[in-house]
Amino acid sequence: MKKTVIPIGPYHPLQEEPEFFMLTVEGETVVDVDVQVGYNHRGIEKLSELKTFDQSTFVIERICGICSTSHPFAYTRAVEDICDIEAPMRAKYIRTIIAEGERMHSHLLWLGLAGHFLGYNTVYMWVWKLREEILDIMEIISGNRNNYAMFKPGGVRRDINPDDIPLVMKKLDKILPTLKMLYKAVRDDPVLHARTKGVGVLSREAALDFSALGPTSRASGVARDVRKDTVYGAYHEMDWEMIVTKNGDVYDKVAVRILEMLESIKILKYCFLHLPDGEIDAHIKNIPPGEGIGTHEAPRGETFHYVRSDGGNGPVRHKVRAPTFMNLPTYKATIKGAKIADASIILAAIDPCYCCTERMAVSDTKGERLFDGRELIRLSQQETLKWKQKLGAVEPPLEKLTRGTL
Amino acid sequence: MRLPKIRELLEAVKALAVGPYTSKFPKKPHTPYPSFRGQPKFNEDYCVGCLACEQVCPAQAIDHTDTVKGGRAVRTINHYTDTCIFCGECEAACIAEHKGIKLSRDWDLAFFDRKKSYESIERELVLCEVCGGVIGAKKHILWITNKIGELTFSNPTLYQTRLRELGLIDNNLLEIKKDGGRDDRLKILCARCRRQTTVGG
Amino acid sequence: MIKRKEVLADLQTRFKKEITDIFDKSPHRVYIDIPPSALVPMSRYIFQDLGARFNIASGVDTRSHIEILYHFTIEDINLLISLRVRLNRQKPVIASLTTVCEAANWIEREIHELLGVDFTGHPDLRRLLLSDQWPDKVYPLRRDYKEWDKGAVRDRGVK
């Protein structure tokens, strides 16, 4: 059968962010995928060389909106690695609090979007309402919902007021029952099992070959987590588990993320209750010549920063590697052989930083019908409806009221 | 299949009863938490005009111009709200007990004309009496004299500014000594003129 | 579980001819200098036999030569090994690492377009990040990079 590929975009009126995937299909099956990135390239590595070490933290924070803590965390660890200095204990606890708060709101955002792609719009609305509680917690602690401006080479910039902690603990206690309900709902729902089990499988060998990171690799049985492998922050002060499953399909990725959220709440509560006293800053005066490497477990995997200094005011070379850079090429292994209706959920399953599954283009081999991102999401939702009717699942009445537009 | 639905229906009823999470802005005003980082604002009483905030700003959202206005030398410091990233570095670097520029809780900052999107403050300048160049803001020099106490008397620029502010000396005394030579050392001088009069050449 | 000292001793005996310098920076960081010809056999050993993970490669333009660092992580003992190769600045050429692991595919495309290094044996060396309008042979991360875009805006943008 002849295969034709017709590109759409990337600057198309219907798309929201420019990045796109060209899927080549034969009938209903996807045969090949070509990932094209680079439309958001801003030259941050070169920009970081113009700033001082302290100012560079703010540029680095704005690499991504959702993983806004993981980049400064890795960068400050890299600068501290050059001078072999450690931040004081209270600063480590505060850094852990901010990092786990960000993990929660990022996983909740992804859960909502996954529900939207599968057709469960109620889940979308409810999970994002839950996410507002976390964003309020971050606003109380750091002053902003997203770019927290708390990290500094040597410690943190601002302290946590002990009067705020009872309010924060109350909000955390409000979230926990709803999360547990979501976990049980996902575990028991047969339609979700039919849509996500066995779909988009990333085998263990492929995960090792592509060096996949984060929940993408933990769902395939590769037990990697920077928080357990490296001693940093306050992660070794308390008991928590690393979640590893072995099938590697989309269902496992959903399960890994929900269970990670429950562990995050455990870590957050421990940190708030056992915050030690002391300094929050190590007052680094001078960065000697040398090079340093810093890592951190972002919600999507391991972030890696490499900083080289020559004794001056700012970095001479700053290399940034986000975890999605290693996870995106795994599409070559997961999407071949899948149906078109499953394409949107497979592309969303690795949680690309700021979900870029809106920028999809599909071409038919005969060149007759062309789908864009919205059509693919609609196809996925129709597939869920078909499964619901087949399994006789009763649709809850609220589904009709809250089904919003795409 | 019935039990899971009850669990979710309970949540649905709770959601209906409580209502949406969003606040009712603009019908009711919305005040953020006390630690919210809003728009930075200059403080007339505390700011000394030292430009530390301009040096540390990561987004280069603060700049200044030194001009002569109505016979006085004035430094105008501008803070551009549309470039500001609300990080709080200016407040952390401010030498006047972190009160010269302070982050307020204003967040409703939309405007129509970008040319008007800045706040400014004016500080009086002290000029060199030999070359006319800018030494610094007067309040900044007085801040230095307060900080170093009696060591002020080691530097003619510092103690003359301080005594002139206290009203203990006036201009006439210095008019007599205008000879372009050694007596220039007792005037208010910028660094280059001070070196020239002391070391010569 | 192997220990850090054993790993380093093993590497030093196995690749004695190739290793020019080892810098033991801290318990978790090691920097090893090797010539470009030794890259593929040594990375194959580290990736497959020691079970390390390929992290990333970072290219630096020092004014005298171009350096590429390949970072590998051995998770069980929390050791990060960085292999440093130095290339000639006029004509930087090195063998591609895609024969060892698939993870090196994208980063070699990025270093190729940002620093101008040629990777022999790479299956698909086209542009990854820069736009199609970017001129050829202009490498942004080099120290002698000059602004080529006359229409670029460099101030607040308020006329």
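**A helix in chain B and its surroundings**

Mentor: Directly after H4(B) comes Gly149(B), which has a positive phi, near 65 degrees. Helices here are DSSP runs of H or I with at least four residues, strands are runs of E with at least two, and both are numbered from the N terminus. The model is predicted, so local features need pLDDT of at least 70 and side-chain atom pairs count only at pLDDT 80 or more, while totals for chains, interfaces and linings use all residues. Residues are numbered from 1 along each chain as its sequence is written, and chains are lettered from A and ligands numbered from 1 in the order in which they are written.

H4(B) itself covers residues 138–148, and its buried residues are Lys139(B), His140(B), Ile141(B) and Ile144(B). Buried means that 20 or more other C-beta atoms, placed from the backbone, lie within 10 Å of the residue's own; exposed means 12 or fewer, and partly exposed is in between. An α-helix has 3.6 residues a turn, so residues three or four places apart point the same way. The partners of the buried residues of H4(B) are strand E5 (118–127), strand E6 (134–137) and helix H5 (156–166) of chain B.

Seven residues of domain 1 of chain B touch six residues of domain 2 of chain B, a contact being two residues whose C-beta atoms, placed from the backbone, lie within 7 Å. The domain 1 side of that contact in chain B holds two nonpolar residues, one polar and four charged. In this scheme Ala, Val, Leu, Ile, Met, Phe, Trp, Tyr, Cys and Pro are nonpolar, Asp, Glu, Lys and Arg are charged, and the others, Gly among them, are polar.

Two further residues of chain B can be set side by side. His79(B) sits in strand E3 (residues 72–80) of chain B and is buried because 23 other C-beta atoms lie within 10 Å. Beyond its neighbours within four places in sequence, His79(B) contacts Pro40(B), Ala61(B), Ile62(B), Cys84(B), Tyr118(B) and Glu119(B). Ile85(B) belongs to the loop between E3 and helix H3 (89–93) of chain B and counts as partly exposed because it has 17 C-beta neighbours inside 10 Å. With neighbours within four places in sequence left aside, Ile85(B) contacts Phe58(A), Pro58(B) and Ala59(B). Ile85(B) and Ala59(B) are 26 residues apart along the chain, with 6.9 Å between their C-alpha atoms.

Chain A comes next. Its domain assignment gives domain 1 (20–40 + 327–402) and domain 2 (44–323), with centres separated by 27 Å over C-alpha atoms. Between them, 31 residues of domain 1 of chain A contact 33 residues of domain 2 of chain A. On the domain 1 side, helix H13 (331–334), helix H14 (343–349), helix H15 (373–391) and helix H16 (398–402) of chain A each give two or more residues. H15(A) has the largest share, nine residues. That side of domain 1 of chain A divides into 18 nonpolar, eight polar and five charged residues.

Chain A also has a helix pair to consider: helix H5 (residues 121–142) and helix H6 (residues 165–188) of chain A pack at about 160 degrees with axes 10 Å apart. Axes are lines fitted to C-alpha atoms, for helices over the stretch in contact, and angles run from 0 to 180 degrees between N-to-C directions. H5(A) and H6(A) are therefore roughly antiparallel; that label applies over 145 degrees, roughly parallel under 35, roughly perpendicular from 65 to 115, and oblique for the rest. Residues of H5(A) in the contact are Leu130(A), Glu133(A), Asp136(A), Ile137(A) and Ile140(A), and they meet Leu167(A), Val168(A), Lys171(A), Lys174(A), Ile175(A) and Thr178(A) of H6(A). The contact of H5(A) with H6(A) comprises six nonpolar residues, one polar and four charged.

Lastly, chain A meets chain C through 22 residues of chain A and 21 of chain C. Strand E6 (301–309), strand E7 (317–321) and helix H12 (324–327) of chain A each supply at least two residues to the chain A side, which divides into eight nonpolar, five polar and nine charged residues. Chain C has three helices and seven strands, and 32% of its 159 residues are buried.

Terms used. Domains from an automatic or database assignment.
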